[in-house]
Amino acid sequence: MSAVEVSKIAKTLDKMVKSDGSGQDQALDLLKTLKDLSITYDVLQKTRIGKSVNALRKSSKDDEVINLAKKLIKSWKKCLPGDSLSSSSTKKPISKTVSLPAAKKVIPVKVSNLQPVVSISAASHDHHTANAVRTKCREMLSVALKWTAMPDGSADPDELAVLIEDCVFKEFKNTDAKYKNCIRSRVSNLKDPKNPGLRENVLLGRISVEKIAVMTTLEMASAEMKKLRERMIKKANNIRKVPIPQAASYGLIKCKKCKSGNCSYTQAQTRSADEPMTTFAFYGCEVQNRIRSRVSNLKDSKNPCLRENVLLGQISPEQIAVMTTLEMASADLKLLRKEISKESIKRHRLPEPVKPSSSHDLVKCKKCKGNNCSYTQAQVGMRLGCTSESMTTFAHCHDCGIRWTSDTESELILSYHIGLIL
C-alpha cells in the first residue's frame with residue numbers, strides 16, 4: 001500500500017482525536033483497514049501512523065477501538081530494526097556469518113563482542129528456580145549488572161546475580177514485600193548512571209555478594225550523594241539549634257529567684273510561624289547555686305566517696321556538672337531519705353474503717369438515714385500533727401453507697417462518743 005493512502009488515514013484519525021473522540025464507528029473501520037494491510041518500516045517512518053493510532057487509543061472510550069489499536073501498535077513494533085535484533089538471540093550468528101569469511105581475524109572479535117549482549121532468554125537456564133518470583137529477581141539483577149560495558153577482569157554477571165539473590169532470600173526466608181523491595185533497591189542502585197562505582201565494585205569483587213545483599217540505601221549511595229546528605233543534616237541541625245545567648249541590658253530581664261538583673265537570653269521559633277518566639281533566659285544565680293552545691297558535697301566529711309570517685313575518674317566532669325543533690329548524696333543519707341518517705345506516707349494513710357455497734361446510732365447516712373455505715377478518723381491538711389485541732393471523719397454507707405466527710409461540731413461530739421466506745 002502506498003504511503004499516501006496511509007497518510008490520509010493518519011490525518012483522518014488526527015481529526016477524530018481533535019474533535020473530542022467523535023466518529024468512533026469510522027475509526028473502527030479505519031483500524032480494521034490498517035490491520036489488513038502490510039505496512040513496512042519505511043511507511044511507518046514517513047506517515048507517522050503509529051503516533052496517530054496511539055493518540056486515538058488514549059482519547060477513545062470504546063473498548064473495541066482501544067484493543068484493536070493496541071494490537072496494531074504491538075505488531076508494528078516488530079518492524080523496527082532495533083527490536084528485531086534484540087528480540088531473538090538466533091539472529092546474532094547470522095550477522096556473524098554475513099561478514100567476510102576470508103578474514104579470519106574478524107570472526108573472534110565479533111564473537112567476543114556478541115557474548116556480553118546475550119539475551120536473558122538464552123541464559124535463563126541458570127536463573128530458573130522452582131519459584132517464579134525468585135527467577136524473575138535473578139533476571140532483573142543480571143540485567144542490572146550487564147546494562148553497560150563490562151570492566152576488565154569482571155566476574156560472570158549471571159553467577160553474581162544468582163549468588164546475590166540467594167543471599168537476599170536467606171536473609172528474609174520468603175518472597176514477601178520486604179524481599180521484593182530489597183531486590184528493587186539493589187537493581188535501581190546498580191543501574192544508577194550517577195553511581196557507576198557500585199556496579200564496578202560488585203563485578204570486580206571489591207564488594208562481596210554477602211555484603212551487597214544486606215547493604216542499606218545509605219551505604220550503596222554514591223560519594224556525592226553522601227556528601228549532599230551530610231550537608232543537609234548539618235543545615236537542619238543548625239536550624240534547630242538555639243542561638244548563642246546574648247547578654248541583656250541590666251534590669252531588662254530579672255531573675256525570678258534572686259531578683260538580679262544580671263541575666264542573658266536567647267530567642268528561637270519553636271512553634272509555628274504565626275506564634276511569637278520563645279525566650280530562653282539564663283540567670284547568673286543558677287550557675288552560682290550549682291557550683292555551691294558541688295563544692296559543699298565534695299567537702300562533705302560524711303560523703304568521702306563522691307570526692308574519691310571524681311578524683312579516680314569513676315565520675316566524669318560532665319556527670320558531676322549535671323548531677324542532682326539526690327544523686328550526689330551519700331549511701332547513708334539515701335537510706336535515711338527512704339525511711340522518712342515511708343514514714344510520711346504511713347502518716348498520710350487513713351486508718352482502717354471501723355463499723356460501730358448496732359446498739360448505738362452514732363453514724364447515720366445523710367441520704368437513706370440508715371445505720372449500716374462504717375467510718376474512720378484522721379488529721380488532714382494543716383492539722384497533721386496538731387493535737388489541738390479536731391479530726392476529720394470519713395464515713396461510708398453500705399446500703400446506698402455514698403461517702404462523705406465532716407468536721408463540724410456535731411461531728412466532734414460524735415468523735416467523743418466514738419472515743420468512749422473504743
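Analyst: Two strands pair if DSSP finds at least two bridges between them. Helices (H or I, at least four residues) and strands (E, at least two) are DSSP runs, numbered from the N terminus. In this structure an open sheet of 3 strands has the order β4-β5-β6, and the pairing is antiparallel. β4 (373–378) and β6 (403–406) stand at the edges with a single partner strand each, so one side of each lacks a neighbour in the sheet. On average, neighbouring strands of this sheet are turned by 20° against each other, direction ignored. The model is a predicted one, in which local features need pLDDT of at least 70, side-chain atom pairs count only at pLDDT 80 or more, and totals for chains, interfaces and linings use all residues. Residues are numbered from 1 along each chain as its sequence is written, and side-chain values use heavy atoms, with hydrogens and water left out.

User: Are the residues of β4 buried or exposed?

Analyst: Buried means under 20% relative accessible area, exposed over 50%, and partly exposed in between (1.4 Å probe, protein chains only). In β4, 6 of the 6 residues are buried, so this strand is largely enclosed by the rest of the structure. Cys 373, Tyr 375 and Gln 377 point one way from β4, while Ser 374, Thr 376 and Ala 378 point the other way, and all are buried. β5 is mostly covered, with 5 of its 6 residues buried.

User: Where does Asn 371 lie?

Analyst: Asn 371 belongs to the loop between α21 (331–348) and β4. With 40% relative accessibility, Asn 371 counts as partly exposed. Asn 371 and Cys 397 are 26 residues apart in sequence and 7.9 Å apart in space, C-alpha to C-alpha.

User: Let us turn to helices. What describes the packing of two helices?

Analyst: Two packed helices are described by the angle between their axes and the distance between the axes. Axes are lines fitted to C-alpha atoms, for helices over the stretch in contact, and angles run from 0 to 180 degrees between N-to-C directions. Here helix α4 (residues 49–59) packs with helix α5 (residues 63–77) at an angle of about 150°, the axes being 9 Å apart. Angles under 35 degrees count as roughly parallel, over 145 as roughly antiparallel, 65 to 115 as roughly perpendicular and the rest as oblique. α4 and α5 are therefore roughly antiparallel to each other.

User: Which residues of α4 and α5 make the contact?

Analyst: Contact means heavy atoms within 4.5 Å. From α4 the contact takes Ile 49, Gly 50, Val 53, Asn 54, Leu 56 and Arg 57, and from α5 it takes Val 65, Ile 66, Ala 69, Lys 70, Ile 73 and Trp 76. These residues divide into 8 nonpolar, 2 polar and 2 charged. In this count Ala, Val, Leu, Ile, Met, Phe, Trp, Tyr, Cys and Pro are nonpolar, Asp, Glu, Lys and Arg are charged, and the others, Gly among them, are polar.

User: Where is Glu 165 placed, and which residues does Glu 165 touch?

Analyst: Glu 165 is in helix α11 (residues 157–172). Glu 165 counts as buried, at 0% relative accessibility. Not counting residues up to four places away in sequence, Glu 165 touches Arg 134, Cys 137, Arg 138, Leu 141 and Tyr 179.

User: What is the phi of Arg 48, and what is that of Lys 173?

Analyst: Arg 48 has a phi near 55°, a positive value in a residue other than glycine. Arg 48 lies in the loop between α3 (41–47) and α4, and is partly exposed with a relative accessible area of 48%. Lys 173 has a phi near 70°, also positive in a residue other than glycine. The loop between α11 and α12 (177–190) holds Lys 173, which is exposed, with a relative accessible area of 65%.
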